[in-house]
Amino acid sequence: MRKPGDHLPEKGRLLMYLNDTYYQLAQRHAEVPRMTSEQQEALDLVISLASSPKFRMDYWLEPGDMQILHNHSCFHTRTAFKDFEDPTEKRHLLRLWISPPPELAWPLPECFAEQYGAVTPGDRGGITVQGFKERIPLEAE
């Protein structure tokens, strides 16, 4: 039995991954343990809290806007939308999964390997460029 905190990396960062569809769809496989009523209640509570106006932030991305976030430090989602018929008004959303250099990447606990295939920075997905020297200033100019 895992205890709370067993999966916290040595730096004490809270890491999270939530995809309720992932957990629900897994239940269709006989070899996957059934969720207990307590687990379902806990999942429902986390989703309810994360969706509440007290904890969520809603905003509208305008043309040219960028949203940059860390996949393991916040829950995030997109709401449903109805696209325009006019081709000049159609939504154009690009996603880019960037992998930080290993020395800047947060270590992930081993349990994340099931979702990402690996927990070693550079091996767990995202775009990496070998030999790239970062040129992003850490302070605003």
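A salt bridge here is a side-chain nitrogen of Lys or Arg within 4 Å of a carboxyl oxygen of Asp or Glu. By that rule, the structure holds one salt bridge. The side chains of D58 and R56 form this pair, with 2.9 Å from N to O.

Before going further, a word on what you are looking at. This is a predicted model, in which local features need pLDDT of at least 70 and side-chain atom pairs count only at pLDDT 80 or more, while totals for chains, interfaces and linings use all residues. Residues are numbered from 1 along each chain as its sequence is written, and side-chain values use heavy atoms, with hydrogens and water left out.

**Confidence and layout**

The pLDDT is the predictor's confidence in each residue, from 0 to 100. Its mean over the protein is 79, and 81% of the residues reach 70 or more. Among the elements, α2 has the highest mean, at 92, and α3 the lowest, at 79. As a friendly reminder, where pLDDT is low, the predicted coordinates should not be read in detail.

Helices (H or I, at least four residues) and strands (E, at least two) are DSSP runs, numbered from the N terminus. The protein has three helices and zero strands, in the order α-α-α from the N terminus.

**Burial and surface**

Accessible areas come from the Shrake-Rupley method with a 1.4 Å probe, and for residues only the protein chains shown count as cover. The protein exposes about 12600 Å², and carbon and sulfur atoms own 57% of that surface. A residue is buried under 20% relative accessible area, exposed over 50%, and partly exposed in between (1.4 Å probe, protein chains only). Of the 141 residues, 12% are buried.

Here are some individual residues side by side.

| Residue | Relative accessible area | Class |
|---|---|---|
| H72 | 8% | buried |
| Q27 | 18% | buried |
| R56 | 39% | partly exposed |
| W97 | 42% | partly exposed |
| D58 | 56% | exposed |
| M57 | 66% | exposed |

M57 sits in the loop between α2 (37-51) and α3 (113-116). Together with Y59, L61 and L93, M57 makes a nonpolar surface patch with about 420 Å² of accessible area. Patches consist of residues with over 30% relative accessible area and no salt bridge, with like charges joined within 9 Å and nonpolar side chains (Val, Leu, Ile, Met, Phe, Trp, Tyr) within 5 Å.

**The core and its partners**

A nonpolar core is a set of buried Ala, Val, Leu, Ile, Met, Phe, Trp, Tyr and Cys residues joined through side-chain atoms within 4.5 Å. The largest one has six residues: L15, L108, F112, A113, Y116 and V119. Beyond its neighbours within four places in sequence, F112 contacts L15, M16, Y17, H72 and V119.

H72 belongs to the loop between α2 and α3.

Q27 lies in the loop between α1 (20-26) and α2. Residues up to four places away aside, Q27 touches V32, P33, R34 and M35. W97 is in the loop between α2 and α3, and its C-alpha atom is 9.9 Å from that of I68, 29 residues away along the chain.

How values were computed
Contact = heavy atoms within 4.5 Å.
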